[in-house]
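Hi,

Here is the structure I promised to pass on. Have a look at it first, and then read my notes below.

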Amino acid sequence: MRRYHIIVRGRVQAVGFRYTVTMLADRLGITGWVRNRYDGTVEMEIQGQDLAVEAFLEEVEAGPGFSEVEKMSAESLDLVDREKRFDIRMDA
């Protein structure tokens, strides 16, 4: 299991990015959350099995849907116990 804090830069707001990422997370069994930030980036925390996390990161970096990812940074975090789903959070 792994958990990451991720910041995604590029054309990632107003293009269905959060919705697409949520569907991807659900398909891969990833838990965590995603939200838009006021600086135009998208922030998320993801957690899941190693192979699922790798597949998730690859698809997100490729720019799902109508998005265009210019840069993505990921930082390892401690696992969160009892997290059950992937949510869209309010903007920060």
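Strand β3 is mostly covered, with 7 of its 7 residues buried; buried here means under 20% relative accessible area, exposed means over 50%, and partly exposed is what lies in between (1.4 Å probe, protein chains only). Keep in mind that this is a predicted model, so local features need pLDDT of at least 70 and side-chain atom pairs count only at pLDDT 80 or more, while totals for chains, interfaces and linings use all residues. Residues are numbered from 1 along each chain as its sequence is written, and side-chain values use heavy atoms, with hydrogens and water left out. Helices (H or I, at least four residues) and strands (E, at least two) are DSSP runs, numbered from the N terminus.

Back to β3. In a regular strand the side chains alternate between the two faces of the sheet. Here both faces are covered: V42, M44, I46 and G48 are buried on one side, and E43, E45 and Q47 are buried on the other.

What is the order of the strands in the sheet? The sheet is open, has 5 strands and reads β4-β1-β3-β2-β5, with mixed pairing. Two strands count as paired if DSSP finds at least two bridges between them. The edge strands are β4 and β5, each of which pairs on one side only. On average, neighbouring strands of this sheet are turned by 20° against each other, direction ignored. For angles, axes are lines fitted to C-alpha atoms, for helices over the stretch in contact, and the values run from 0 to 180 degrees between N-to-C directions.

On one side, β3 runs antiparallel to β1, and 7 bridges join the two. Y4 has I46 of β3 as its bridge partner. β2 and β3 also pair in the antiparallel sense, over 6 bridges. N36 has V42 of β3 as its bridge partner, and R35 stands opposite E43 in β3. β2 and β3 form a hairpin with 5 residues between them, and G40 in the turn has a positive phi of about 95°.

Q47 deserves a look of its own. This residue sits in strand β3 and counts as buried because its relative accessibility is 5%. Which atom does the side chain of Q47 reach at 2.8 Å? It is the backbone nitrogen of V80. Leaving aside neighbours within four places in sequence, Q47 is in contact (heavy atoms within 4.5 Å) with M1, R2, R3, G29, I30, T31, V53, L79, V80 and E83.

Now the helices. α1 covers residues 17-28, and for those 12 residues 1.5 Å a residue gives a span of 16 Å, which agrees with the 16 Å between its end C-alpha atoms. (The expected span is 1.5 Å times one less than the number of residues.) F17, V21, T22, L24 and A25 of α1 are buried. These residues cover an arc of only 165° around the axis, which puts them on the same side of α1; the arc is that of the directions from the helix axis to the C-beta atoms. Y19 and R27 are exposed, on the face of α1 turned away from its buried side. The buried residues of α1 pack against β1 (2-11), β2 (31-36), β3 (42-48), α2 (50-62), β4 (68-76) and β5 (86-88). α1 lies across β1, β2, β3, β4 and β5, and runs at about 170° to β5. G29 follows α1 and has a positive phi, near 75°.

α2 has 13 residues and reaches 19 Å from its first C-alpha to its last, close to the 18 Å expected at 1.5 Å a residue. Its buried residues are A52, V53, F56, L57 and V60. Seen down the axis of α2, these fall within an arc of 130°, so they line one face of the helix. L51, E58 and A62 are exposed on the other side of α2. What covers the buried residues of α2 includes β1, α1, β3 and β4. α2 lies across β1, β3 and β4, running at about 155° to β3. G63 follows α2, with a positive phi near 85°.

Last, D50, which is found in helix α2. Its relative accessibility is 36%, so D50 counts as partly exposed. Not counting residues up to four places away in sequence, D50 touches M1 and R2. A polar contact of 3.2 Å joins the side chains of D50 and R2. (A polar contact is a pair of N or O atoms within 3.5 Å; within protein, one must be able to donate a hydrogen and the other to accept it, and residues adjacent in sequence count only if both atoms are side-chain atoms.)

Cheers
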